[in-house]
Amino acid sequence: MSTDATPEYDYEELGLVAGLEIHQQLDTETKLFCDSPTVERDPEESDRSITRRLHPTKSELGELDDAAMEESRVDREFTYLAYDTTCLVEEDDEPPRRVDDEALAVALQIADLLDLSVVDQAHVMRKLVIDGSNTSGFQRSILLGQDGAIETESGSVSVVDLMLEEESAKRVEETDDGVVYSLDRLGVPLVEIGTGPDIRSPEGARQAAERIGMLLRSTGAVKRGLGTIRQDVNVSIADGARVEVKGVQDLQGIEDIVRGEVGRQAELLDIRDELRERDASVGEVSDVTDTFADTESGVIRGALDSGGKVTAVPLFGFDGLVGREIQDDRRLGTELSDHAKRHGAGGIFHTDELPAYGVTEAEVDALRDAVGAGEGDAVAIVAADPETADLAIEAAAERAETAIEGIPEETRGANDDGTTRYLRPLPGAARMYPETDVPPVEPDPSDVETPELLDEKTERYGDEFGLDAGLAEQVAFGQRFPLFERAVGRGVDPTFAASTLESTTTEIRRDGAAVERLTDEHFLDLFDLVEGGDLAKEGVPEVLATLAENPSLSAAEAVEEAGLSGVSEEEVREAVVEVVERNADQINAEGMAAFSGLMGEAMGALRGKADGEVVSDVLREEIGKRS
């Protein structure tokens, strides 16, 4: 596979089938099953921690989930950072409370926009969580709606279901012992929207996600920003397998992931066919530590000096295919390595890439002899502590056997470059079972109003408030459109309100201001000061920057802090006269044509303390006296 560009495929011929799972956090006051706020916290604010180890348990049908079983083989400790806002439900020390009414209402609005049939009675289910991201070992999930649809440029896409769920804990860091999570995000209301397998192209996947995203934002009640919306993509091709790619962060990423996964599966099918032609097989795992007793390879030497060993597996008929590229800078050997890493190894070495990394040609020959590998064969090795080496080489061998069969169904993680990496097997039905601590709810769709779509809102803002098309779209699709409507309802000039909320905040963000710290009340109070004549519009950027730096200030206090208290017309005239006198020669030569240049100088002298229209009138008058 070329690293210069991803090849274009005939997706219809390949039989591409794709579907989406969209996960969107709701912007509610409290969490789904307790009264904790849904605000993000800094890990440094944590005042205590909880440590857990998770173990697989059987479902109510007596079944064990494959993904949970694989995860249980990895010995990891999970640490959870708690805060003064963390409740006992989040710590798994208290049963959950009733479903949050606000979250349920927003979810029902979303169901309406997706044309879903809402269930008569909604039951809370437990969904097994195997990565430690929930203190209880499961996530609570509620099926709210089914059988909906959306329209895209590529055609209709069915919406299979809408789930109302609790968000997982936020991963902070990985340590030698396991993973550290933060509990500020755990329990935040989240909707999961699953589409049918109706998508037939990478562009179609992006269009479907784009449409769903617009519908979600139309509620005005979803969180914005990195990590608040996640897209999982299910992809398969004919003769391939369903693969779930988790954690796609943006719309373009969806298109790239689908295109890249199609390429990966196509390449793996070619490798499968070649392996079958060669009558390939995977041999027995063996200990080849003695082969590397005198090695100068840093990786292997380090493992051996620490009491480790080297394990190997012969891959008969695999020569040249382990190193074959299946995605940009990823090979079949990378797939084997991903499986080995799941068991604590740093990765694998294989003979398609050796001699290298300090391994000599003589050692490669000795390795081949030790495992009985011939000219058309490959060998994979792992150097690690004894337990890890055994588990890792077995995992790599199992993945190699699968390569002969075809493509495994699995869960993969999205990489930033559009490639993917192995995470775990696909979960099965054994991961879901009823939650007995929360009573069912009977949702009533008639209790909620259908939100206005953002594209409809854009058109209305232009017609009703006289905003130009660009500004109307900016504010309608922006995060603060509910605030814009509140401000206009209080009598604030629509163009001023919209440009402040969108253009001005963008400008000061580029200058380093933390605009995410600005509250609705900051803006509303600021608008009142401008409308009341206590602050010139020209001073708004500086006041907002001051508030962003110190959010505890009121708007009036920020005006004082910035030194922008209003000035009288007499003070304006004094400042303008100084500018005019300083530029008398220019005025004598150019007359009123000097106005534009001097206006900027006059506004700068007043530092945003005076309204531009007042300064303009006074400046024209003073220039007129001298020309």
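Let's start at one glycine: Gly 344 counts as exposed because its relative accessibility is 57%, above the 50% cut-off for that class. This is a predicted model, and Gly 344 sits there in the loop that links helix 7 (332-341) with strand 18 (349-350). Its C-alpha atom is 10.0 Å from that of Asp 176, although 168 residues separate Gly 344 and Asp 176 along the chain.

The largest nonpolar core holds 128 residues, and Leu 164, Leu 315, Phe 318 and Phe 484 have the most contacts inside it. Helix 5 (residues 251-277) gives the largest share of this core, with nine residues.

| Core | Size | Some of its residues |
|---|---|---|
| Largest nonpolar core | 128 residues | Leu 164, Leu 315, Phe 318, Phe 484 |

Leu 164 is worth a visit. Beyond its neighbours within four places in sequence, Leu 164 touches residues including Leu 26, Leu 32, Val 99, Ile 142 and Val 191, and also Arg 140 and Ser 141.

Where do helix 13 and helix 15 meet? On helix 13, Phe 496, Thr 500, Thr 504 and Ile 508 contact Val 540, Pro 541, Leu 544 and Ala 545 of helix 15. By class, six of these contact residues are nonpolar, two are polar and none is charged. The axes of helix 13 (residues 494-510) and helix 15 (residues 540-549) come within 10 Å and cross at roughly 60°, and the crossing is right-handed.

Methods:
Residues numbered from 1 in each chain as written. Predicted model: local features only at pLDDT ≥ 70, side-chain atom pairs only at ≥ 80, totals over all residues. Heavy atoms only, no water. Axes fitted to C-alpha atoms, helices over the stretch in contact; angles between N-to-C directions. Helix = DSSP H or I, 4+ residues; strand = E, 2+ residues; numbered from the N terminus. Left-handed = near helix turned anticlockwise from the far one by under 90°. Contact = heavy atoms within 4.5 Å. Nonpolar A, V, L, I, M, F, W, Y, C, P; charged D, E, K, R; others polar. Core = buried A, V, L, I, M, F, W, Y, C linked by side-chain atoms within 4.5 Å. Buried < 20%, exposed > 50% of the residue type's maximum accessible area, 1.4 Å probe, protein only.
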